[in-house]
Amino acid sequence: GNIHMTSWYIYRLSNNIPNVSLAGGGVLFNQDELFHLEDAEIESAQKFFETIRIHKNFKYLELALENFELSYTVNNSSLAFLSLMIASEVLFNPGKEEVTQRISRNFAVLLGNSVDDAKRIQSEIKKLYGKRSSLIHNGEAIWDFVGEEDEVAKLRNYVRDSIKKIIQMNLSKDALLDLLNSKGFGQLN
């Protein structure tokens, strides 16, 4: 099967016929490929679910997860993209200047398996962050970009992988940012 977020509907009955006035949730894009786990992935997924514990004081991680989930429930790709960017900023922005550089570097250090891999990730995140800036500051909708579903899916994968790693690291945001700041490309993995 496929993973679908819960859908909800607000409706009025008129002559016993429901008239939907508002709806939400569901899946942002139609997906041709159904979600599945390969046999080799099942044990790892089970282990992850058994050991996942989010420290109750890690509000930043809860907010990032909420925005990640929101990206699946909004029916607008621009808003899904923005919710994923919010999750990215919650995870990786120390609240200072040079936001694009800091966020893209932190993604790269956390997820890059080698120097070249980290450079590729940093470059992709910078491009995605540029699209975020165009969306926010110029009002350009995400569908104005070529391959908008790919961009949302690409960012969603980066955020998902980051959240999983951060959960396993079990660090406060300050400790996480200090660790990422102290490492170079390809040194964390």
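Val-109 sits in helix α4, which covers residues 99–111. Helices (H or I, at least four residues) and strands (E, at least two) are DSSP runs, numbered from the N terminus. This is a predicted model, in which local features need pLDDT of at least 70, side-chain atom pairs count only at pLDDT 80 or more, and totals for chains, interfaces and linings use all residues. Residues are numbered from 1 along each chain as its sequence is written, and side-chain values use heavy atoms, with hydrogens and water left out.

**Val-109**

- Val-109 counts as buried because its relative accessibility is 0%; buried means under 20% relative accessible area, exposed over 50%, and partly exposed in between (1.4 Å probe, protein chains only).
- Leaving aside residues up to four places away in sequence, Val-109 touches Leu-180, Lys-183, Gly-184, Phe-185, Leu-188 and Asn-189, where contact means heavy atoms within 4.5 Å.
- Val-109 and Ser-182 are 73 residues apart in sequence, and their C-alpha atoms are 9.7 Å apart in space.

**Helices α2 and α3**

- Helix α2 (residues 59–73) packs with helix α3 (residues 77–92) at an angle of about 165°, and their axes are 8 Å apart.
- That angle makes α2 roughly antiparallel to α3; angles under 35 degrees count as roughly parallel, over 145 as roughly antiparallel, 65 to 115 as roughly perpendicular and the rest as oblique.
- Axes are lines fitted to C-alpha atoms, for helices over the stretch in contact, and angles run from 0 to 180 degrees between N-to-C directions.
- On the α2 side, residues making the contact include Tyr-60, Leu-61, Phe-68 and Ser-71, and on the α3 side they include Ala-80, Ser-83 and Leu-91.
- The contact residues divide into twelve nonpolar, three polar and no charged.

**Ser-71**

- Ser-71 is found in helix α2 and is buried, with a relative accessible area of 0%.
- A polar atom of the Ser-71 side chain lies 2.6 Å from the backbone oxygen of Phe-68.

- Most residues other than glycine have a negative phi.
- Asn-16 is not a glycine, yet has a positive phi of about 65°.
- Asn-16 lies in the loop between β1 (7–14) and β2 (17–25), and counts as exposed at 71% relative accessibility.
- Asn-170, also not a glycine, has a positive phi of about 55°.
- Asn-170 lies in the loop between α6 (148–169) and α7 (173–182), and is partly exposed, with a relative accessible area of 41%.

Terms used: Nonpolar A, V, L, I, M, F, W, Y, C, P; charged D, E, K, R; others polar. Polar contact = N/O pair within 3.5 Å; in protein donor to acceptor, adjacent residues only side chain to side chain.
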